[in-house]
Amino acid sequence: MIIFGPLLVIAGIGFFCWLLFTLAVFAFPFYAGLTVGAWAFHTGAGWLGGAVVGVLAAGVTFGVGQLALAFVPWTWLRLAIVLIYAAPATVAGYYATHGIAQMAMPSATWQMIFSLVGAVAVGVTALIRIAGTAPPGREEARLARA
């Protein structure tokens with residue numbers, strides 16, 4: 001049993017890191033859905049109405065981002081859209097890594113260092129994943145056909 005304990009902890013941390021990297025792309029739509037759902041709940045829609053409105057808002061936020069990436073011809077505007085979607089993922093990566101670092105080490109300095117490294121890693125991963133979902137622009141499509 002003494003051998004399985006540390007291995008299960010490492011496997012659990014690895015699983016949650018994988019989950020964080022996978023779901024970080026959806027941090028902005030999740031936040032938008034949560035905010036709109038909470039607003040709907042507090043204006044009298046009830047818990048079911050708030051949940052439905054929140055899920056619809058999250059889906060619309062994700063869909064609008066995908067459509068914007070598909071149809072915006074300017075590279076600088078596509079980069080701005082990708083950054084808008086990747087910034088909340090970076091914040092989520094910081095706080096998730098900071099929570100793990102607080103459990104793992106007592107030094108506040110090292111907690112901050114690991115949190116910043118985690119934020120950069122999650123942010124860059126989300127940036128690459130979101131940019132990778134965008135179809136090639138007109139310039140890239142011409143290069144691919146030539």
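Reply: Happy to; below we go through a helix, a core, some aromatic pairs and one glutamine. Keep in mind that this is a predicted model.

Me: Great. How many residues does helix α3 have, and how far does it reach?

Reply: Helix α3 covers residues 75–104, which is 30 residues. From its first C-alpha to its last it reaches 41 Å, close to the 44 Å expected at 1.5 Å a residue.

Me: Where in α3 is there a kink?

Reply: At A86, where the kink is about 30°.

Me: What about the largest nonpolar core: which residues have the most contacts inside it?

Reply: Those are A24, L69, I81, A89, A126 and I130, in a core of 13 residues. In general, nonpolar side chains tend to be buried together in soluble globular proteins.

Me: Which elements give two or more residues to this core?

Reply: α2 (27–71), α3 and α4 do. Of these, α3 gives the most, with five residues.

Me: New topic! How many aromatic pairs does the structure hold?

Reply: Six. One of them is F15 with W18, a tilted pair at 5.9 Å centre to centre and 35° between the planes. F15 and W18 are three residues apart in helix α1 (residues 4–23), so about one helical turn separates them.

Me: Are those two buried or exposed?

Reply: F15 counts as partly exposed because its relative accessibility is 42%. W18 is exposed, with a relative accessible area of 51%, and the cut-off for exposed is over 50%.

Me: Why is the W74 and W76 pair called stacked?

Reply: Because the ring centres of W74 and W76 are 6.4 Å apart and their planes are at 25°; planes under 30 degrees apart count as stacked. W76 is exposed, at 60% relative accessible area.

Me: Last one: where is Q111, and what does Q111 touch?

Reply: Q111 sits in helix α4 (residues 108–133). Not counting residues up to four places away in sequence, Q111 touches H98, A101, Q102, M105 and P106. Q111 and A101 are 10 residues apart in sequence, and their C-alphas are 5.2 Å apart in space.

Me: Buried or exposed, that Q111?

Reply: Q111 counts as buried, because its relative accessibility is 10% and buried means under 20%.

Key
Residues are numbered from 1 along each chain as its sequence is written. This is a predicted model: local features need pLDDT of at least 70, side-chain atom pairs count only at pLDDT 80 or more; totals for chains, interfaces and linings use all residues. Side-chain values use heavy atoms; hydrogens and water are left out. Helices (H or I, at least four residues) and strands (E, at least two) are DSSP runs, numbered from the N terminus. Buried means under 20% relative accessible area, exposed over 50%, partly exposed in between (1.4 Å probe, protein chains only). Contact means heavy atoms within 4.5 Å. Rings of Phe, Tyr and Trp (its six-membered ring) pair if their centres lie within 6.5 Å; planes under 30 degrees apart count as stacked, over 60 as edge-to-face and the rest as tilted. The expected span of a helix is 1.5 Å times one less than its number of residues. The bend at a residue is the angle between axes fitted to the seven residues ending there and the seven starting there. A nonpolar core is a set of buried Ala, Val, Leu, Ile, Met, Phe, Trp, Tyr and Cys residues joined through side-chain atoms within 4.5 Å.
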